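Hello,

Here is the structure to look at before we talk. My notes follow it.

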Amino acid sequence: LTIQEGEFLGVIGHTGAGKSTLMQHLNGLLVPTSGRVLVDGFDTRDKKQRAEARKRVGMVFQYPEYQLFEETVKKDIAFGPKNLGLTEAEIAARVSEAMRLVGLDEKAFAELSPFDLSGGEKRRAALAGILAMRPKYLVLDEPMAGLDPRGRRDILAMVGAMRSQSGCTI
């Protein structure tokens, strides 16, 4: 499988077909037992190269609760950029930008607990946390699972807009 830069690719299949397993290989959460996974030439089998691949591939899990852990939405979104060693000003700018991109009003949501959000809002907060890292590749594991038709349309429109604005491969 070769995924081209800027591509918007969907993978479909029955439950248990390996979709999530494939996605976890893309950012090195799983390491192949045979074959290779290369991200911009970095081989995920090698620990140092896997770290470089992970910087490029942001993954949003099917269940946003698995990604949300801080006491406020703002702190949760800031976690990744903080670990990159960015300045407080750059972190704040990335948090604001990511919240805007996913449609979470900063004044209304920044100080809320992520666990008090609706399912769709949790999904948006988890996505904002990944976007704040500015990945080159964005992997979404069943991004519309559990959402109503309007929520599904909103997520699809949001991801399409992000791709248009940033050129991010999805």
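**Helix H6 and what surrounds it**

The buried residues of H6 pack against strand E3 (57–60), H3, H4, E4 and H7. Here "buried" means under 20% relative accessible area, with exposed over 50% and partly exposed in between (1.4 Å probe, protein chains only). Contact means heavy atoms within 4.5 Å. Helices (H or I, at least four residues) and strands (E, at least two) are DSSP runs, numbered from the N terminus.

This is a predicted model, in which local features need pLDDT of at least 70 and side-chain atom pairs count only at pLDDT 80 or more, while totals for chains, interfaces and linings use all residues. Residues are numbered from 1 along each chain as its sequence is written, and side-chain values use heavy atoms, with hydrogens and water left out.

H6 has 13 residues and reaches 18 Å from its first C-alpha to its last. That is close to the 18 Å expected at 1.5 Å a residue (1.5 Å times one less than the number of residues). Because 10 of its 13 residues are buried, H6 is largely enclosed by the rest of the structure. Among the buried residues of H6 are Lys122, Arg123 and Arg124, as well as Leu127.

**The cores**

The largest nonpolar core has 29 residues, and Ile77, Leu127 and Leu138 touch the most other members. At least two residues of this core come from each of helix H3 (73–83), helix H4 (88–102), helix H6 (119–131), strand E4 (137–140) and helix H7 (149–166). H6 gives the most, six residues. A nonpolar core is a set of buried Ala, Val, Leu, Ile, Met, Phe, Trp, Tyr and Cys residues joined through side-chain atoms within 4.5 Å.

Leaving aside residues up to four places away in sequence, Leu127 touches Val60, Val102, Leu138, Leu140, Met158 and Met162. There is also a second, separate core of seven residues, including Met23, Val39, Val57 and Met59.

**The chain as a whole**

The chain has seven helices and four strands, in the order α-β-β-α-β-α-α-α-α-β-α from the N terminus on. Of its 170 residues, 39% count as buried. Among contacts with a separation of 6 or more, 61% are between residues 24 or more positions apart.

The C-alpha trace spans about 45 × 40 × 30 Å along its principal axes.

Regards
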